[in-house]
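Work through the two exercises below with the sequence and the structure at hand. Each task is followed by its solution.

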Amino acid sequence: MSSTEEALRAEQGTLQEMARRHLWMNFTRLSAYADHEIPVIVRGEGCYVYDEHGKRYLDGLSALYCVNIGHGRADIAQAGADQAAELGFFTNWSYAHPPSIRLAARIAELAPGDLNRVFFTSGGSEAVESAIKLARQYFKLAGKPNKTKLIAREVAYHGSSLGALSATGITSLREPFEPLTPGGCHVPNTNAYRMAAGASEADFAEAISRRIEFEGPDTVAAVILEPVQNAGGCFTPPEGYFQRVREICDEHDVLLISDEVICAWGRLGEWFGSHRYGYQPDIITTAKGLTSAYAPMGALIASDRLAEPFLQGANSFTHGFTFAGHPVCAAIAMANLDAFEHEGILEHVRANEDAFRAMLDSLRDIPIVGDVRGAGYFHAIELVKDQDTKASFDQAESETLLRGFLSGELFRRGLICRADDRGDPVIQLCPPLIAGPEQFAEIEAVLRPVLTEAGERMRGPLAA
Ligand SMILES: Cc1ncc(COP(=O)(O)O)c(C=O)c1O
């Protein structure tokens, strides 16, 4: 071994040791790494990332649904560096600066209808948290102080801070922290694959209407929905769903919050998911792809109607975060959106999404593939025991399937995607928006043998 190789090995060993000893990874079973390496990703380029050993992976998850423009863009990094040299930081508490002003105006221009007022945050949970607080304070100013409750959907993920967690509909994430902020109510999501016998897709929206009536319309502030629900595996809305939800919200003076932390910025082939499905929210919450994750940034985009009472007299939205509108993040977001426009990213997604979907649909002949669903560059494959009966795996089987085999094997073969059982077990794919047929073929070349083997294992003696 040369001395350079030796030094590299020593550095890798040290990184592993330090990570094991000091790094508290998010939503991670730290014990899972007791007997094997923590994956350490050191570099990215386009649709690919590289680990500390130099092994290349296709990033089929855009890191965590966020590196929309792809990895390794020196121009976007440079925009941040230039801004840091000019004005590294100043606050948006009573002050403004050109990067956040320009970005707010640009977002308002792109957002649907009269969503013209942009409140920045550092990420998605903060955006959702801010939307919940805005809805509550808005109704207090409007003389309806009892309107505080929030209706969200089962299995949906809306963030991890305590307020956002009250919207999140995943029991295992809520339970350890109860009691949560009061007022979070949940209704069924748009899981058409597992719709009860005799039910119809129209019932999905009516469930929201019934819940508002059950709670008492005078107590409900807002409904929060993702255009395509991530957790549970990319549940798309049935035809007319959002139009009906909009009517229901108007009927009861309830705000419609479109949580587009994932579904904006080209993920569904449009600037916003609400463009794709043709509805007008009162608030959009967003983050992730706004900067393609070259810097942490989120935003709440509110309608003129909602902002109006806050423009009067001594009123103010008594809420904020130090780093909201951070100039470096805002400059990076601007460079990211420039790249989207110059490189025709939305058009690229629209031109290629059918090919992406066709590749995933072609896997339906593998017995473990139950359903393929999603939109744009955001899809899931639901895994089942039996395609005909749609029988799902129980918790122990799902543990064996996902953590005992799939996650590790997909990664070992160089594909980063998400094997998730927050609802029924799914594999999720959400590649950078620059991906095309070459990457789709690579994804298929890994998924086909791995899913085939997964099915065989779950039918065989290893299933236990
Ligand atoms: C729809 C949705 N809302 C909120 C969040 C929370 O965002 P963050 O992790 O940036 O706080 C997420 C994160 O994935 C999300 O997907």
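For sorting residues by class, Ala, Val, Leu, Ile, Met, Phe, Trp, Tyr, Cys and Pro count as nonpolar, Asp, Glu, Lys and Arg as charged, and the others, Gly among them, as polar. The model is predicted.

**Exercise 1. The ligand**

Solution. 

Step 1. A polar contact needs a pair of N or O atoms within 3.5 Å. Ser125 has a polar side-chain atom 2.6 Å from a ligand oxygen. For Gly124, a polar backbone atom is 2.8 Å from an oxygen atom of the ligand. The side chain of Lys288 places a polar atom 3.1 Å from a ligand oxygen.

Step 2. On its own the ligand has 390 Å² of accessible area, and the protein covers 82% of it.

**Exercise 2. Two helices**

Describe how helices α3 and α12 pack, and which residues meet.

Solution. 

Step 1. Helix α3 spans residues 74-86 and helix α12 residues 327-342. Their axes lie 8 Å apart, at an angle of about 145°.

Step 2. The two helices cross in a right-handed sense.

Step 3. From α3, Ile76, Ala79, Gly80, Gln83 and Ala84 take part. They meet Pro327, Val328, Ala331, Ile332, Ala335 and Asn336 of α12.

Step 4. By class, the residues of this contact are eight nonpolar, three polar and no charged.

Terms used: Residues are numbered from 1 along each chain as its sequence is written. This is a predicted model: local features need pLDDT of at least 70, side-chain atom pairs count only at pLDDT 80 or more; totals for chains, interfaces and linings use all residues. Side-chain values use heavy atoms; hydrogens and water are left out. A polar contact is a pair of N or O atoms within 3.5 Å; within protein, one must be able to donate a hydrogen and the other to accept it, and residues adjacent in sequence count only if both atoms are side-chain atoms. Accessible areas come from the Shrake-Rupley method with a 1.4 Å probe; for residues, only the protein chains shown count as cover. Axes are lines fitted to C-alpha atoms, for helices over the stretch in contact, and angles run from 0 to 180 degrees between N-to-C directions. Helices (H or I, at least four residues) and strands (E, at least two) are DSSP runs, numbered from the N terminus. A crossing is left-handed if the near helix is turned anticlockwise from the far one by less than a right angle, and right-handed if clockwise. Contact means heavy atoms within 4.5 Å.
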